[in-house]
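Please look through the notes below with the model open beside you.

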Amino acid sequence: MAERLRDLLSIEDLTAQQIAFLLDEAKPFQEFQRYLLKKLATLRGKTVALAFFEASTRTRISFATAASRLGADTMNLQAESSSLKKGESLLDTARTLDAMKPDCIVMRHSCSGAADFVARHLDIPVINAGDGTHEHPTQALLDALTIRDRRGTIENLNVTIIGDILHSRVARSNLHLLGKFGCRFTLCGPPMWLPREFECLGKRVRRSSKIDDALEGADVVIVLRVQQERLHEPSLPLDEYILLYQLTPERLQIAGPDALVLHPGPMIRGLEIDPAVADGPQSCVLEQVTNGLAVRMALLFVMIATGSETDDARGSAHAAH
Amino acid sequence: MLLIKNGRVIDPSSGTDAKRNIWIDRGRVTRIAPAEGPEAPPNGEALDATGLVVAPGFIDLHCHLREPGGESSETIETGTRAAARGGFTAVCPMPNTRPVNDNASVTRAILERAAAVASTHVWPIGAASLGSRGESLAEIGAMQKAGIVAVSDDGRPIPSAKLLRQVMDYCRELDLPVIDHCEDTSLFAGAVMREGRQSVRLGLRGMPAAAESIAVGRDIQVTELTGCRFHVAHLSSQASLDLVRAGKKRGLRVSCEVTPHHFTLCDEDVVYDARFKMNPPLASKEDRAALIEGLADGTVDAIATDHAPHEAATKEVEFDLAPFGITGFETALALALELVRAGKLSLLRLVELFTTGPARVLGRKRSIAPGEPADLTVFSTDHLWTFEVNQSASRSGNTPFDGRKFRGAPMFTIVAGRIAYRRGE
Amino acid sequence: MRVVEKTQLMSATEIDRTLQRLAHEIVEKSGGAANLALIGIRRRGVPLAQRIARAMHGIEHLEVPVGTLDITLYRDDLSKIASHPVLHSSEIAFPVDDKDVLLVDDVLYTGRTARAAMNGLFDLGRPSRVRMAVLIDRGHRELPIEASFVGRDIQTSSREIVEVRLQEIDREERVMLVERVE
């Protein structure tokens, strides 16, 4: 039994045991996605607040669907429709949501540490659905689940991450998660997006600005989205990026036929990834989406299905045949 | 009449470190004599300083009192009360008030207000450029007549070498020091902490140390060109320190200050709490070690607080959105004493850094001698206490040192012969 | 609080004999077993369902499919549990639509487990009939639920617990009556 999760703010704070527990809990929910009737009453009467202070479609829909399939209700807050534009502080907005008594807050925000900040000020459990350029814990969990399904393990793999590492919360969460299971990393991208300090985020992290070199021996290739708004700073011509860093079928051959290709989405075909790779047999992109549901269902189940009393409820539950 | 008896007088100006009695009358020191059981003066009070250090009055070269314009976070009254609690007898508020202190009428308004309500002397610093906008010179001469002690656009660097040269040419003739907030803003853009392992880990935008030292290098060359006195505000890196050290060696009139938070904390201490957000940001461990070395070897001239109060609501936001700065008056001495206890700084150097050091930056003298103004700081090196921000005299509580346990504290702060602060009151 | 063992209710041989009898009864009352499927409720219903299926095979060489149902997600007392329960997949490799389903569990008590199992089952499809077989019925029902096939009825008090221990899970084979004492 893993230590009780109060919030999920980062992967860095989790133990390997807690991560393994969450992945195991996600298994029945993977199965569940194949059911005819995709509706449980497990979280009936519970409310999940979805507070998205930054535009997001897939993560928000994934959490909303996960909550709904577990029978929970959702409260939706989107930045554009919220009072944020009127200058209300994050803390006031969060307190207002909290006053409506949801059972947890799922939060996406463009500032690193925003979920941590809210969790520090409120008692309600907070799930970080992406904070600035810090972490995106559920993305790393669903990536791990996908890798484990395909390869049978997430231990001691060679993982290559390609793209804007510096500004990527997906890269950080994956480094922390897979790093706890002995994976070796090669980070690849334009040099200004590859600060040396990333080598300090894990025991076995190396950098390479040459994609051919970075793909050598890779078991898993994680392609990051190129955030076009970042290209201006520092300025890098798009064509240059495509020429040097696009994952093409030829380049994927360097990694070999067993290498998996993951992408957190939204994916821009023809920019960071060649359509032939995106649709090819090594691509796990759609499994990632389905697994995202399973992971988020497991997380909501673990965090809000059970109570907080520490009485002998387990003992009596066993007797309740 | 006031008698301070039995104290250990440490006066760097004369090299004194001995037990003395000090008599004070009409705001001045009248007599100093070896301690041997004197009686209380017939018409005054005797303060027992047995076991305490008696130093010249502490000067803070760098603070923000927020008045006029920012009274919700601090006023001259509350700020100087906090300063007196921290042992300071004189503080130099930066000109970034609203309106900016860039002309004589603002300077006079600050000084009039200070005369009415301040617990300490207030020595204002005037803006170098109009509105601190970095475009054209402020009314520096007029402000000097009104009472400013230095010029600076603190909060912002002086943007161009050309403007800096004009300011320095001008101030050389007025014999005013020019204080620059050294920063290459193009490298700083959007940063909220020092660039390094921790900024990468937290996903916070980092500024490299070079953003400061590039500007320090430029400023020292302009100093060489103009012959002006130049002071680096809140210096925070080894590279900047090396430039100052080399400048001093060449005989330039260059000085610098270091804040208590920069010699106490480092970037690894940063968490998602805006009480760890200041500019310059907390430096690397290596830089911190270099700063401490500079404090000890004399390269650093002064410890300055950069006391920057912000009302709670503005700091209780996302790290990226919070304003820079922390309060510092009440913890400065206690943090410096931590260095003394760790054997990294002598007590004499500590006293220098709070007294004769900053005085010299301003072209002033600071000593305990008959006829001199009776500005004295009496402190304990042993007193155990815990800093509780809700007990602070400042109107703001934005400090990472809330709850820190300290050994050593100011016991009496004497400003112009009057007891401005007495511990326990 | 601790638990003391009071008496042994069934021995290994008695368990085996009871399961054989249940298998016969089921075949008899189902008019053959053509459309029959057994679904064991995790955990101890699972080996019991497998054993009954084996016994049925021995009777008429019937091949009855066996599935596993994890009812954790359907429990109505989750909010009373302080720690994270471990979830398992339900493994039912056949479509349950129009099947004659027999749920198998070790002990029938309040009926809440059976209720949860039926909820879980109906999320998978629409069986033509659902019945239940248990090794022990100890009474104290809180829901209108009865088993179609019962190995043994036992009178118990609510302080008592019936513990079915099976070789596959517990490395021993017997049924014990234990009691909680403060």
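1. Start with a term. Two strands count as paired if DSSP finds at least two bridges between them. Keep in mind that this is a predicted model. With that, look at chain B, where six strands make an open sheet. The strand order is E9-E10-E11-E14-E15-E16, and the pairing is parallel.

2. Which strands are the edge strands? They are strand E9 (125-126) and strand E16 (302-303) of chain B, and each pairs on one side only. E9(B) runs parallel to strand E10 (residues 150-152) of chain B, and two bridges join them. Within this pair, Ile125(B) stands opposite Ala150(B) of E10(B).

3. A helix packs on this sheet: helix H8 (residues 238-249) of chain B. H8 touches strand E14 (230-232) and strand E15 (254-258) of chain B. The direction of H8 makes about 150° with that of E15(B).

4. Now pick out Ile292(B). This residue lies in helix H10 (residues 285-297) of chain B. Is Ile292(B) buried or partly exposed? A residue is buried if 20 or more other C-beta atoms lie within 10 Å of its own. Ile292(B) has 19 such neighbours, so it counts as partly exposed. Leaving out residues up to four places away in sequence, Ile292(B) touches Phe263(B), Leu339(B) and Lys344(B). Val258(B) is 34 residues from Ile292(B) along the chain, yet their C-alpha atoms are separated by 9.1 Å.

5. Chain B is divided into two parts: domain 1 (2-53 + 372-388 + 405-422) and domain 2 (58-361). Their C-alpha centres lie 28 Å apart. The contact takes 18 residues from domain 1 of chain B and 22 residues from domain 2 of chain B. On the domain 1 side, strand E17 (376-386), strand E18 (405-415) and strand E19 (418-422) of chain B give two or more residues each. E18(B) has the largest share, seven residues. By class, this side has 10 nonpolar, five polar and three charged residues.

6. Chain A is also divided, into domain 1 (16-136 + 289-309) and domain 2 (137-284). Here the C-alpha centres lie 26 Å apart. Each domain of chain A puts 21 residues into the contact. On the domain 1 side, helix H1 (16-32), strand E4 (126-131) and helix H12 (285-305) of chain A each supply at least two residues. H12(A) gives the most, with six residues. The residues of this side divide into nine nonpolar, eight polar and four charged.

7. Next, helix H3 (residues 90-99) of chain A. Which of its residues are buried? They are Leu90(A), Ala94(A) and Leu97(A). These three cover an arc of only 60° around the axis, so they sit on the same side of H3(A). An α-helix has 3.6 residues a turn, so residues three or four places apart point the same way. The cover over the buried residues of H3(A) includes strand E1 (47-52), strand E2 (73-78), strand E3 (104-109) and helix H4 (114-121) of chain A. Just after H3(A), Lys101(A) takes a positive phi of about 60°.

8. Last, the chains together. Two pairs of chains are in contact, and chains A and C share the most contacts. Chain B and chain C do not touch, with their nearest C-alpha atoms 29 Å apart. Where chain B meets chain A, the contact takes 14 residues from chain B and 19 residues from chain A. The chain B side has seven nonpolar, two polar and five charged residues.

How values were computed:
Residues numbered from 1 in each chain as written. Chains lettered and ligands numbered in written order. Predicted model: local features only at pLDDT ≥ 70, side-chain atom pairs only at ≥ 80, totals over all residues. Helix = DSSP H or I, 4+ residues; strand = E, 2+ residues; numbered from the N terminus. Buried ≥ 20, exposed ≤ 12 C-beta atoms within 10 Å, placed from the backbone. Contact = placed C-beta atoms within 7 Å. Nonpolar A, V, L, I, M, F, W, Y, C, P; charged D, E, K, R; others polar. Arc of directions from axis to C-beta. Domains from an automatic or database assignment. Axes fitted to C-alpha atoms, helices over the stretch in contact; angles between N-to-C directions.
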